[in-house]
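Reader: Hello! Could you walk me through this structure, starting with a pair of charged side chains?

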Amino acid sequence: MKNTIGLLLVMVFLTSCNEKNKQETTSIKKDIEGTWRLISAETTEKDSTFSTFNPKTKMIKIINDSHFAFFNHDLNNGKKADALFFGGGGKYTLKDSTYTENLEYFNNRDWENNKFEFTVKIKNDTLIQKGVEKIEKLGIDRIIIEKYVREK
């Protein structure tokens, strides 16, 4: 009898933990969907950390239930010497706080067909993603931290 009660308690505990994890995963999946504007970016290569955020541009990331896309352009409507536009996107996966982008489309085609894994946190209206960008054939191996705010 004691063993049966103990077993029932363990089963209830494990079921409630599994349900909590399922709810948290569903919650972050729902919370990550939307349009986000980049507000800061930092890169670490070898021993150097530096800001890569450019206040003369606007970058947004759009995430739906299966895909992501990002677009970055200058604030001069492409009319000055510093004209800039780039964009990319593809499918993503999200498991707990591990967000993996499968870059299928990008204006720099050498970046296509690469996976980039990030840890994501969402706090209020802010999305923080941290991970490694590594493309051996291009000699890219760096850690990036990007902060986005949810667009209204």
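Author: Gladly. The side chains of arginine 142 and glutamate 133 meet in a salt bridge, 2.8 Å from N to O. A salt bridge here is a side-chain nitrogen of Lys or Arg within 4 Å of a carboxyl oxygen of Asp or Glu. This is a predicted model, where local features need pLDDT of at least 70, side-chain atom pairs count only at pLDDT 80 or more, and totals for chains, interfaces and linings use all residues. Residues are numbered from 1 along each chain as its sequence is written, and side-chain values use heavy atoms, with hydrogens and water left out.

Reader: Is glutamate 133 buried or exposed?

Author: Buried means under 20% relative accessible area, exposed over 50%, and partly exposed in between (1.4 Å probe, protein chains only). Glutamate 133 has a relative accessible area of 14%, so this residue is buried.

Reader: Which residue forms a salt bridge with lysine 134?

Author: Side chains of opposite charge can pair when their charged atoms come close. For lysine 134, the closest N and O atoms of the bridge are 3.9 Å apart.

Reader: What pattern does the chain follow along the sequence?

Author: Helices (H or I, at least four residues) and strands (E, at least two) are DSSP runs, numbered from the N terminus. The chain has 1 helix and 9 strands. Read along the sequence, the pattern is α-β-β-β-β-β-β-β-β-β.

Reader: With which residues is isoleucine 28 in contact, leaving aside its neighbours within four places in sequence?

Author: Isoleucine 28 sits in helix 1 (residues 2–32) and is buried, with a relative accessible area of 14%. Contact means heavy atoms within 4.5 Å. By that rule, isoleucine 28 touches Leu94, Asp96, Ser97, Val120 and Ile122.

Reader: What kind of aromatic pair do phenylalanine 86 and phenylalanine 106 form?

Author: Rings of Phe, Tyr and Trp (its six-membered ring) pair if their centres lie within 6.5 Å; planes under 30 degrees apart count as stacked, over 60 as edge-to-face and the rest as tilted. The structure holds 8 such pairs. In this one, the centres are 6.1 Å apart with 80 degrees between the planes, and the pair is edge-to-face.

Reader: Where in the chain do these two phenylalanines lie?

Author: Phenylalanine 86 is partly exposed at 23%, while phenylalanine 106 is buried at 14%. Both belong to one aromatic cluster, which also includes Trp111. The pair links distant parts of the chain, 20 residues apart: phenylalanine 86 is in strand 5 (residues 85–95) and phenylalanine 106 in strand 6 (residues 98–106).

Reader: Why is the pair of tyrosine 92 and tyrosine 99 given the name it has?

Author: Tyrosine 92 and tyrosine 99 are both buried. Their ring centres are 5.3 Å apart and their planes stand at 45 degrees, so the pair is tilted.
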